[in-house]
Amino acid sequence: MALRNAVLAALLEGEASGYDLAKSFDASVANFWMATPQQLYRELDRMESEGLIEARLVRQEQRPNKRLFSLTAAGRAALRDFTATPSRPTAIRDELLVKVHSVDDGDTEAVREAIAERLQWARAKLARYDRMRTRLLDGRDEEEFLADAERVGPYLTLLRGRAFERENIEWAERALRVLEQRPAAHKSR
């Protein structure tokens, strides 16, 4: 999947500046797509030149002017085409898992600390997703929300992000227990 598809999906929420999109990526699509602000701004420029999005300049006093981006008809068509194509299976590319795989001949304590850090990060991210879910439901239960919601896609991706982080927490807790229970002879290799 290209970054452009994630940008098109984020712009379904409405007009946004590059800064707003960067925040949106951190909050709403971070559970399935990551991008640096630099990557995002380069992609916005490309997408604008290709006619997938359009920008309007908003002049601001005492702050730099900003550009607000919105989807064009071509951008909506590109998003429709993207959603119609088969998705490739997800492949995990995780540096931490390479370290864990090598823990028996590596620095066990450093790997343990990296897992503990991942655990802390996953817990924080899950808490953020739970707060987002609470805001999105706005006092309704899930069934009521789904019956009334204009768009269910953001909710469904939020559910996937929550499940992913819960699994990360479960795995990290288990991995830490296993490493703590290893006999001293194995730890000092």
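The questions and answers below concern this predicted model.

User: How are helix α6 and helix α8 oriented relative to each other?

Analyst: Helix α6 covers residues 108–137 and helix α8 covers residues 153–181, and the two pack with their axes 8 Å apart. The angle between them is about 155 degrees. Angles over 145 degrees count as roughly antiparallel. The two helices, α6 and α8, are therefore roughly antiparallel.

User: Which hand does the crossing of α6 and α8 have, and how many nonpolar residues does their contact have?

Analyst: The crossing in which α6 passes α8 is left-handed. By class, the contact of α6 with α8 includes three polar and 10 charged residues. The nonpolar residues in this contact number 19.

User: What distance does α8 reach from its first C-alpha to its last?

Analyst: Helix α8 has 29 residues. At 1.5 Å a residue, the expected value for α8 is 42 Å. The model is close to this expectation, for the reach of α8 is 42 Å.

User: Which charged residues of α8 are buried?

Analyst: The buried residues of α8 include Y155, L158, G161, N168, I169, A172, A175, L176 and L179. Asp, Glu, Lys and Arg count as charged. Among the buried residues of α8, this class is represented by R162 and E165.

User: In which sense does β3 pair with β1 and with β2?

Analyst: Strand β3 (residues 66–71) pairs with β1 (residues 16–17) over two bridges, in the antiparallel sense; there S17 stands opposite L68. Strand β2 (residues 53–58) pairs with β3 over six bridges, and the partner of V58 is K66. The sense of pairing with β1 is antiparallel, and with β2 it is also antiparallel.

Key. Residues are numbered from 1 along each chain as its sequence is written. This is a predicted model: local features need pLDDT of at least 70, side-chain atom pairs count only at pLDDT 80 or more; totals for chains, interfaces and linings use all residues. Side-chain values use heavy atoms; hydrogens and water are left out. Axes are lines fitted to C-alpha atoms, for helices over the stretch in contact, and angles run from 0 to 180 degrees between N-to-C directions. Helices (H or I, at least four residues) and strands (E, at least two) are DSSP runs, numbered from the N terminus. Angles under 35 degrees count as roughly parallel, over 145 as roughly antiparallel, 65 to 115 as roughly perpendicular and the rest as oblique. A crossing is left-handed if the near helix is turned anticlockwise from the far one by less than a right angle, and right-handed if clockwise. The expected span of a helix is 1.5 Å times one less than its number of residues. Buried means under 20% relative accessible area, exposed over 50%, partly exposed in between (1.4 Å probe, protein chains only). Two strands pair if DSSP finds at least two bridges between them.
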